[in-house]
Amino acid sequence: MARTGLAKSILGAATAALLLAQGTSFAQDKNDEGAEEAPQRLDLANFPGQVVEKVVVPIPAEVFAVLDKVDEPDWNDGIQHPDEDHPSKERAFLALRFGSLVAEGFIAVQAKSEDDIQKIGRKALVLSESLGLADAVRPHSQSIIESSSKGDWKKVRDELDGTQQTVRDTMSKLRDEELANLVSLGGWLRGTNVLTDFISVSFSEDKAELLHQPGLIAHFREVMTKLEDPSRSSKGMKSLVTGLARLEATLEESDKISRESVNELQSITKLMLEEFYFAKPEPKEKETSTE
Amino acid sequence: MVLRISAVATAVVLGLAGVRNVQAFLNEAISFALEAATPYVEEGFEVREDNWSGEVESGKPLLVKHQLFRGNEYWFWAACSYPDTEVKVDIFDLMGMPVSLETFSKDGKAGARVLPQSTDTYLIRVTVSRVKKKKGNSEEAAPEEGEQLDWGLTYGYR
């Protein structure tokens with residue numbers, strides 16, 4: 001038994017060495033010029049340089065691309081336009097809604113729904129007017145509408161990414177980093193929410209792993225700690241802070257994300273989006289007895 | 001002047017490829033990194049609008065944290081707009097293990113490719129170093145200690 005174990009260990013080590021060698025060979029084959037030697041393990045405890053603070057949040061299209069490789073989701077089922085009459089009109093919530101609307105655009109691109117993309121392009125322009133950024137967004141909005149009518153989905157994706165980036169950059173230039181971060185949070189939340197919708201319908205551990213994004217949740221929690229009043233003390237923002245903490249706790253429950261965890265993440269993200277994007281469900285009327 | 005011309009040329013090349021509009025070329029190091037990305041765009045990589053950039057002391061490594069998704073393939077491209085510089089990019093997992101499948105470094109530009117084995121945060125190390133400094137036509141001088149160099153890092157996925 002021990003010998004078998006030893007043999008397996010040797011075989012495993014040999015296989016690993018072979019794979020490593022093949023990997024190195026592959027790298028060298030691909031790069032005749034300027035090829036690099038494999039780096040050593042990074043000593044994180046004694047890293048001699050600096051850690052860059054900036055966090056680049058992946059766009060929903062990145063994770064949607066993976067889902068498309070492992071499943072055939074009907075993206076049309078995922079499209080949910082924002083509630084036009086949502087009561088939250090503060091700039092912070094408008095920034096969140098703008099981010100979510102751009103994420104909606106990415107869903108519509110996956111669905112190749114020209115009609116939905118054009119609606120989203122127009123809504124983005126209207127929303128940008130409320131944020132005082134219409135001049136910056138208008139060229140993107142027009143390009144989104146034109147490109148979708150030509151079926152140029154890659155161009156629409158580029159423009160959606162560009163729209164969000166333009167808005168974030170403009171906000172940053174106006175020293176409104178808080179709003180810029182909220183745009184990213186809105187986009188990430190909507191993207192994550194639709195991902196949980198699809199994964200909960202046809203669960204697999206591989207798909208659920210796409211939700212393993214602890215670094216991003218930690219980043220957004222940090223963002224929320226830097227909010228200033230009046231945003232900070234609003235009921236809606238407090239609800240988002242709680243929501244992020246619940247998302248983090250759900251993901252920390254175990255190494256593998258279970259079906260139950262996906263359902264929980266779906267419920268939490270939906271509740272968070274109801275603060276600024278989805279319509280809030282009508283409160284249930286108390287049942288009154290006639291007897 | 002040379003840098004300006006090169007940046008404009010890059011804008012034209014990428015503009016023709018339908019990759020970017022001229023607004024994106026405010027940062028020269030980023031424009032050089034996007035130049036390094038151009039051949040990969042033709043292979044189907046979608047390059048992000050957002051990116052990282054700044055200044056760093058020559059030879060001092062930088063570490064960028066970034067979320068990657070298993071199932072996607074990624075290229076990270078970095079560059080410095082100064083002449084006579086060497087740029088390196090390497091990718092590591094959170095345990096510090098190298099995970100780049102291939103890398104290149106040439107003419108102040110570099111890249112690294114990865115197929116993430118798990119969906120998680122990864123670490124991208126960028127190093128920009130002055131390799132030699134021309135004095136006059138041919139004489140070389142040692143790099144100045146503490147010299148600040150610009151850097152830009154972008155990525156694409158497919």
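Q: Where do I start with the numbering and the ground rules?
A: Residues are numbered from 1 along each chain as its sequence is written, and chains are lettered from A in the order in which they are written. The model is predicted, so local features need pLDDT of at least 70 and side-chain atom pairs count only at pLDDT 80 or more, while totals for chains, interfaces and linings use all residues; side-chain values use heavy atoms, with hydrogens and water left out.

Q: How many residues of chain A and chain B are in contact?
A: Contact means heavy atoms within 4.5 Å. Here, 47 residues of chain A are in contact with 49 residues of chain B.

Q: What is the area buried between chain A and chain B?
A: The size of an interface is often given as the accessible area lost when the parts come together. Buried area is counted with a 1.4 Å probe and summed over both parts. For chain A and chain B the figure is about 4,300 Å², and carbon and sulfur atoms give 52% of that.

Q: How many salt bridges are there between chain A and chain B?
A: Look for a side-chain nitrogen of Lys or Arg within 4 Å of a carboxyl oxygen of Asp or Glu. Between chain A and chain B the count is 6 salt bridges. One of them joins E209(A) to R70(B), with the closest N and O atoms 2.7 Å apart.

Q: Which parts of chain A does the salt bridge of R91(A) and D176(A) tie together?
A: The side chains of R91(A) and D176(A) meet at 4.0 Å, N to O. R91(A) lies in helix α3 and D176(A) in the loop between α6 and α7, so the pair ties together parts that are 85 residues apart in sequence. Helices here are DSSP runs (H or I, at least four residues), numbered from the N terminus.

Q: Is S234(A) buried or exposed?
A: Buried means under 20% relative accessible area, exposed over 50%, and partly exposed in between, with a 1.4 Å probe and protein chains only. S234(A) has a relative accessible area of 11%, so this residue is buried. You will find S234(A) in the loop between α9 and α10 of chain A. Leaving aside neighbours within four places in sequence, S234(A) is in contact with E90(A) and F93(A).

Q: What about K256(A), buried or exposed?
A: K256(A) is exposed, at 55% relative accessible area. K256(A) also forms a salt bridge with E205(A), the closest N and O atoms being 3.6 Å apart.

Definitions and conventions: Buried area = accessible area lost by both parts, 1.4 Å probe. Helix = DSSP H or I, 4+ residues; strand = E, 2+ residues; numbered from the N terminus.
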